[in-house]
Amino acid sequence: MPELPEVEALKDFLVEHLVGREIVRVLPVAISVLKTYDPPLTALEGREVTAVDRHGKFLDLHTSDDGPHFVTHLARAGWLHWKDRLPDGPPRPGKGPLAMRVALETGAGFDLTEAGTQKRLAVYVVRDPAQVPGVARLGPDPLADDFDEARFAGLLAGERRQLKGALRDQSLIAGVGNAYSDEILHAAKMSPFKLASALTPQETRRLYEALRTTLTEAVERSHGVAAGRLKAEKKSGLRVHGRTGEPCPVCGDTVREVSFSDSSLQYCPTCQTGGKPLADRRMSKFLK
């Protein structure tokens, strides 16, 4: 799933390639991708893209003359593919991954695609991005200038959930998903199952610094990378997530995994849990 660093890089890429260009056609291929109907997709056509923003994991394209916003969430298996020259002729609906095509007056444009059978890629055409439920409920952006340690501590105060779940909650902190929550907890040397409310002030500071550093470094690695290479760039920079069975790059211990019904987490026992393996959450609770 694209998370804050990748979506931030996509935003920067689209600022360079889209802003100042006119949208001439928006072609839905998978009708399920469109989550709104007023304004219609045609309200985007003939308008210039004036700005591109990121809200958590959402991309937001502004259009001219107070036109509607084109807001998209790439979900778990979605992606944006830029094309300097779009294929001639309209795309054909079918069983392929193509979900929507946006064409510019220059002949360039982008495709939104989604792999797999769980179709969660979403596009909203709205007058205000706050009309998108997922945007409206977002917590603060962890890379914002005003997101300091005191604010972070205030968010965690009284939070009875485990750290892994708290970091992934978009209404608490915007933009962190499964992969970067693993990376942040590894950098902070903390168990994913530790209760957020149990952190000492020193641990809160350590987690805050790991959060900011991990995301900042990931954004820096992704800066300037072409849209088509961002997935590979993300994977290359991960230390524990998706690396079950590999040696931890910090201590050399074997990276382990805890599986859930629809996801998994990875961690290093030596770095994060005092050398003790975590029990599978489907079977028992955290092994202290």
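**Notebook: a loop serine, a helix crossing, a loop valine**

I started with Ser-191, which sits in the loop between α5 (178-188) and α6 (201-222). Helices here are DSSP runs of H or I with at least four residues, numbered from the N terminus. This is a predicted model, where local features need pLDDT of at least 70, side-chain atom pairs count only at pLDDT 80 or more, and totals for chains, interfaces and linings use all residues. Residues are numbered from 1 along each chain as its sequence is written, and side-chain values use heavy atoms, with hydrogens and water left out.

Buried or exposed? I looked up Ser-191 and found it buried, at 6% relative accessibility (buried means under 20% relative accessible area, with a 1.4 Å probe and protein chains only). A polar atom of the Ser-191 side chain lies 3.0 Å from the backbone nitrogen of Phe-193.

Next I checked α3 (residues 149-156) against α6: their axes, lines fitted to C-alpha atoms over the stretch in contact, come within 10 Å and cross at roughly 115 degrees. That makes α3 roughly perpendicular to α6 (65 to 115 degrees). On the α3 side I noted Glu-149, Phe-152, Ala-153 and Leu-156; α6 brings Pro-201, Thr-204, Arg-205, Leu-207, Tyr-208 and Leu-211. Contact means heavy atoms within 4.5 Å.

Last stop: Val-225, in the loop between α6 and α7 (230-237). Val-225 is buried too, with a relative accessible area of 10%. Beyond its neighbours within four places in sequence, Val-225 touches Leu-230 and Glu-233. From Val-225 to Gly-237 I noted 12 residues in sequence and 13 Å in space, C-alpha to C-alpha.

Methods. Helices (H or I, at least four residues) and strands (E, at least two) are DSSP runs, numbered from the N terminus. Buried means under 20% relative accessible area, exposed over 50%, partly exposed in between (1.4 Å probe, protein chains only). A polar contact is a pair of N or O atoms within 3.5 Å; within protein, one must be able to donate a hydrogen and the other to accept it, and residues adjacent in sequence count only if both atoms are side-chain atoms. Axes are lines fitted to C-alpha atoms, for helices over the stretch in contact, and angles run from 0 to 180 degrees between N-to-C directions. Angles under 35 degrees count as roughly parallel, over 145 as roughly antiparallel, 65 to 115 as roughly perpendicular and the rest as oblique.
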